[in-house]
Amino acid sequence: MNLKRLLRQIHYWLSLAVFLPAGIMFLAGIALMLKKEIDWIQPPTYRGVAEQQMPEISYQQILTAVQTEPQAQITQWSDIDRIDIRPSKGIAKVQAKSGWEIQIDTKTAKILSRAYRRSDWIESLHDGSYFADGVKLYIFLPTGILLLIMWGTGIYLFLLPRWRKKKKSKTV
């Protein structure tokens, strides 16, 4: 079996092996690239009253403010996944474990925005961790490696006829 035929066979069978996980990775990756453009994926970032200043509200005021939003399902600190303080915008983004994001003005403690944040869920689809950690390591990681091999064989198969044509024209 010659090299060209072997590479075609490798390329052919690997494409079948990576079809589903690569499709999920590609679609989720496209969605992640558009997350700042589409509010449905990630809520837009608002601006507070006091931009470029140190936050004036306490953590307790932040917790009290987000507890007023029933859809976020925050009753205590353990219900909060993370808080992202943006002094340049005068806000604190509170991300609940329920998936909701509440944006609070860091001067007045007023709620500026409440929206469901889908970008974290889409990211977990993209890397395979949505399904299980084993899927991430034993299916999505090998898929990435196989795609790299397919890229290499595809480049070789693309350039091979051009190399041969160029070599043939030099001998004539």
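The model is predicted, so to speak of method: local features need pLDDT of at least 70, side-chain atom pairs count only at pLDDT 80 or more, and totals for chains, interfaces and linings use all residues. Residues are numbered from 1 along each chain as its sequence is written, and side-chain values use heavy atoms, with hydrogens and water left out.

First, the sheet. Four strands form an open sheet in the order β1-β2-β3-β4, with antiparallel pairing. Strands are DSSP runs of E with at least two residues, helices are runs of H or I with at least four, and both are numbered from the N terminus. Two strands pair if DSSP finds at least two bridges between them. At the edges are β1 and β4 (111-116), each pairing on one side only. Five antiparallel bridges join β3, residues 100-105, to β4. Within that stretch, I102 stands opposite R114 in β4.

Next, the helix. α3, residues 59-66, packs on the sheet and touches β1, β2, β3 and β4; contact means heavy atoms within 4.5 Å. The direction of α3 makes about 120° with that of β1. On a 1 Å grid over the protein atoms alone, a pocket is an open set of points where a 1.4 Å probe fits, with protein on both sides within 12 Å along at least five of seven lines; lining residues have an atom within 4 Å of a point. Its lining includes D81, W100 and R117.

Technical notes
Axes are lines fitted to C-alpha atoms, for helices over the stretch in contact, and angles run from 0 to 180 degrees between N-to-C directions.
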